[in-house]
Amino acid sequence: MDSGTQEKTKAGEPAGADGQSIHWRRNLVVCLLGSFTTIIAMTLLLPFLPLYVEQLGVSDHAAIVQWSGIAYGATFFSAALTAPLWGRLGDRYGRKSMLIRASLGMAVSMSLMGMAQNAWQLVALRLFAGIAGGYASGSVILVATQTPRQRSGWALGVLSSGVMAGNLVGPLVGGALPQLIGIRETFLLAGGVIFFTFLATTFFIREEARPKRKKAAKGEGGWAAVPDKRPVLAMMATGMLLMVANMSIEPIITVYVAQLVENNAHVTMVSGLVMSATALGAILSASRLGKLADRVGHWSVIIGCLAVSALLLVPQAFVTTGWQLVALRFLMGLALGGLLPCIASVIRHNVPDRIAGNVLGISTSAQYAGQVVGPLAGGFVGGHIGMRAVFLGTAVLMAAGAASNWLARPEARPATAPNR
């Protein structure tokens, strides 16, 4: 055995064992920075999207709101449809190649958005961004498959923190830059930043070479290759549930805060703090909970996070001041921060390496579905039953998720080989 084969990582893993890369730390840094910058670029348009739609020739107020909603949701819609495809192609042709494709595609689409001449073109480019993009979800797949298994929870937690930080910083950047350089120039600058991500991905990420794929017998590939499907299905449902819980209050938050704040001038500020508090809590806890999961088991952290989130949702329905809601949403973010890295880790540990990208891509689609279902369900329940019902109903869902994961965990099924 040559010296290259004998080389070990600092974590004690053989180089290239089970697809793990001796360069996993460097890959993590590049993926972290790349995910952070691409998420900023995709979310910075939120504060000025209606203004840009108006600049593109839409004058009626209702039409501006409608076109803004269509343009914003278009990216998530197309990304949900294509995530499994990119995951499958990544399994076949390499995960690094998918990151190169995503970063270049997003750099082009963001730059072209700054050149749109009408609302239809903006929507089409947002659809294209969802199809061509997916850098953050592709990073999850690469980090999950190239990192030593005993460090995967921590690594995915760090990556998750970068994604959530991008979601937090993006709207702040989008609120400031257009006033300084203009809306169209903001899109062009975002495209330029993502192009640097493309260069960093191309030249600095090193993906461990995998054995050549042998032609699989019929029925041995894809979903049929998953030996035990229950943990994987449980994680997909949990990922969707997480997004539903995060997004369910989005349509009602400003109206709910208006009932808690006496000064109407402070409503938007407090609403922004409420939304940011959850993301900030998740940023602070993701890597720590991921590291804890590597030590005590990913299922234990998932069940605990869901149960604590359910408990924290109940008092949110009965708060009497804005600061109480901000504090509770921050605590909920601390609890939710460990879910995404643990979900990816459990899936990674329960599927063969050759189809990991495909299955993680399907999981990403389920999370996108939660981002669509959450606001729709929250708006419907809040409008027809009451805003308190949104929090209480989401609490019931989270408690049900904790119970179902408790039943699905490997320890509850002695006949199955234990998986973390």
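How many aromatic pairs does a search of the whole structure find? The search finds six. Rings of Phe, Tyr and Trp (its six-membered ring) pair if their centres lie within 6.5 Å; planes under 30 degrees apart count as stacked, over 60 as edge-to-face and the rest as tilted.

The model is predicted, and local features need pLDDT of at least 70, side-chain atom pairs pLDDT 80 or more, while totals for chains, interfaces and linings use all residues. Residues are numbered from 1 along each chain as its sequence is written, and side-chain values use heavy atoms, leaving out hydrogens and water.

One of the pairs is W67 with W120, edge-to-face at 5.0 Å centre to centre and 80° between the planes. W67 lies in helix α4 (residues 61-93) and W120 in helix α6 (residues 119-132), so the pair ties together parts 53 residues apart in sequence. Helices are DSSP runs of H or I with at least four residues, numbered from the N terminus. W67 counts as buried because its relative accessibility is 18%, whereas W120 is exposed at 65%. Buried means under 20% relative accessible area, exposed over 50% (1.4 Å probe, protein chains only).

Y256 and F391 form a tilted pair, 5.1 Å centre to centre with 45° between the planes. Y256 is in helix α11 (residues 253-260) and F391 in helix α17 (residues 387-408), 135 residues apart. Both residues, Y256 and F391, are buried. Elsewhere, ring pairs link F48, Y52 and F187 into a cluster.

T38 lies in helix α2 (residues 24-43) and counts as buried at 2% relative accessibility. Leaving aside residues up to four places away in sequence, T38 touches M106, Y135, I194 and T197, where contact means heavy atoms within 4.5 Å.

Note on methods:
Helices (H or I, at least four residues) and strands (E, at least two) are DSSP runs, numbered from the N terminus.
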